[in-house]
Amino acid sequence: MIDAIECRNLSHRYGDFTAVDDLTLTVAAGETVGLLGPNGAGKTTVVKVLTTLTPPQSGDVRIFGMDSRRETMDIRHNIGYVPQQLSIEAALTGRQNVDLFARLYDVPRRRRRARVDEALEAMQLLDVADALAGTYSGGMVRRLELAQALVNRPSLLILDEPTVGLDPIARDSVWTRVADMQAEYGMTVLLTTHYMEEADALCDRVALMHHGVLQTVGSPTDLKAELATEQAPEPTLEDVFRHHAGSDLAEDSTRRGLKEIRSSRRVARRAG
Ligand SMILES: Nc1ncnc2c1ncn2[C@@H]1O[C@H](COP(=O)(O)OP(=O)(O)O)[C@@H](O)[C@H]1O
Ligand SMILES: [Mg+2]
C-alpha cells in the first residue's frame, strides 16, 4: 500500500537559520500521527511543505505517491488542512463559511449543499449553521474549520495546533470529533501539538521534534515503555520528550520565544 506521507531528508532554512534539519518521516495510510514539539521546533514549517504551500528546499516529499514539486494540484485535491492561524470569516454564517470552501475545492454544484451539511453535521454544528461565525465559541470555531477542511472529503487531514488556546472541554470536543471522523472515514491524520497528554491519547504514533531535528518516532506506549525503570515505572510522554530532547521543555520554549521575537524583528528591519 502506498504511504500517505513520505518525507525524505527534508531541510528548510530561513536565511541562515535551519528550521527543519534533515527530517525523514513516513506516515502509513489510515494512521493518526502527531508531530510534537515546543514552539519553534519547526512543526508549522513541516506542515507547510507537506500541504505544498511551501516547496521543499531540499529533500523529497510524496503524498500518496505524488511528488510535491510536480503534482502540487493533485496533492491539494487529496488533503484537508486546518492552519494554525484562524481561517474563518466572522461576518459569514457557519454554513456560508463551509460553502465557500466547497466552492474553492470545486465540489460540484448539485452535491454542494449535501456535502456542506454532512461536514457541519460531522462537527455537530448543524444546529448553529445559520448563526454568524463571529458569535461562535473558540471550540466551535475550530470545529467549523474542521468542517471546512472536510467538505472536500480528504484522504489526508493535516491539522496545525488544532486545540491551541482552547479550554479543556472545547479541546475534548475537538479531539472527539477528529477521532470519530478518523474511525468513520478511515482517513490519515497528521496533527501538530505541544500538548503531550493529548497526543498520547489520540495518536497511533508520535514524532518528537526539537530545534528542527526529529528526536524519535514511535507509538506513545512503546516510547514510554522504553523509558520505564523500576524507580519510575510509568513515565509520561513529556518525560519521554525531555529524555530525547535533553532539556527542560518549558524553559527552552521561553528562551526560544525571546530569540524568535528578536530574530523576527531583525527580519522586519531588514525587510523595511
Ligand atoms: N518566515 C519565517 N522567517 C524567518 N524565520 C521563521 C519563519 N517562519 C518560522 N521561522 C522560524 O523557524 C523556526 C520554526 O518555526 P515554526 O515552523 O513555526 O515552528 P513551530 O510551528 O514548531 O512553532 C522558529 O524559530 C521560527 O522563528
Ligand atoms: Mg506552529
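Pro55 is exposed, with a relative accessible area of 56%; exposed here means over 50%, buried under 20%, and partly exposed in between, computed with a 1.4 Å probe on protein chains only. The structure is a predicted model, in which local features need pLDDT of at least 70 and side-chain atom pairs count only at pLDDT 80 or more, while totals for chains, interfaces and linings use all residues. Residues are numbered from 1 along each chain as its sequence is written, chains are lettered from A and ligands numbered from 1 in the order in which they are written, and side-chain values use heavy atoms, with hydrogens and water left out.

Pro55 is placed in the loop between α1 and β4. Helices (H or I, at least four residues) and strands (E, at least two) are DSSP runs, numbered from the N terminus. The C-alpha atoms of Pro55 and Tyr136 are 34 Å apart in space, and the two residues are 81 apart in sequence.

Thr44 counts as partly exposed because its relative accessibility is 23%. Gln84 is also partly exposed, with a relative accessible area of 31%.

A polar backbone atom of Gly42 lies 3.0 Å from an oxygen atom of ligand 1. For Lys43, an N or O atom in the side chain is 2.9 Å from an oxygen atom of the ligand. For Thr44, the distance from a polar side-chain atom to an oxygen atom of ligand 1 is 2.8 Å. On its own, ligand 1 has 560 Å² of accessible area, of which the protein covers 72%. Accessible areas come from the Shrake-Rupley method with a 1.4 Å probe; for residues, only the protein chains shown count as cover.

Aromatic rings were examined next. A pair of aromatic rings is described by the distance of the centres and the angle of the planes. A search of the whole structure finds one aromatic pair. This pair, Phe101 and Tyr105, is edge-to-face, at 6.2 Å centre to centre and with 65° between the planes. Rings of Phe, Tyr and Trp (its six-membered ring) pair if their centres lie within 6.5 Å; planes under 30 degrees apart count as stacked, over 60 as edge-to-face and the rest as tilted. Both Phe101 and Tyr105 are buried. Elsewhere, Arg171 lies over the face of Tyr195, at 3.8 Å from the ring centre; a charge sits over a ring if NZ of Lys or CZ of Arg is within 6 Å of the ring centre and within 35 degrees of the ring normal.

Two residues concern backbone angles. Phe64, in the loop between β4 (58–63) and β5 (66–67), has a positive phi of about 45° although it is not a glycine. Gln124 has a phi near 55°, a positive value in a residue other than glycine. Gln124 is found in the loop between α4 (109–122) and α5, and is exposed because its relative accessible area is 54%.

Ala4 lies in the segment before β1 (5–14) and is buried, with a relative accessible area of 0%. The C-alpha atoms of Ala4 and Phe64 are separated by 4.6 Å, although the residues are 60 apart along the chain. Arg143, in helix α5 (residues 138–150), counts as buried at 12% relative accessibility.

Technical notes. Polar contact = N/O pair within 3.5 Å; in protein donor to acceptor, adjacent residues only side chain to side chain.
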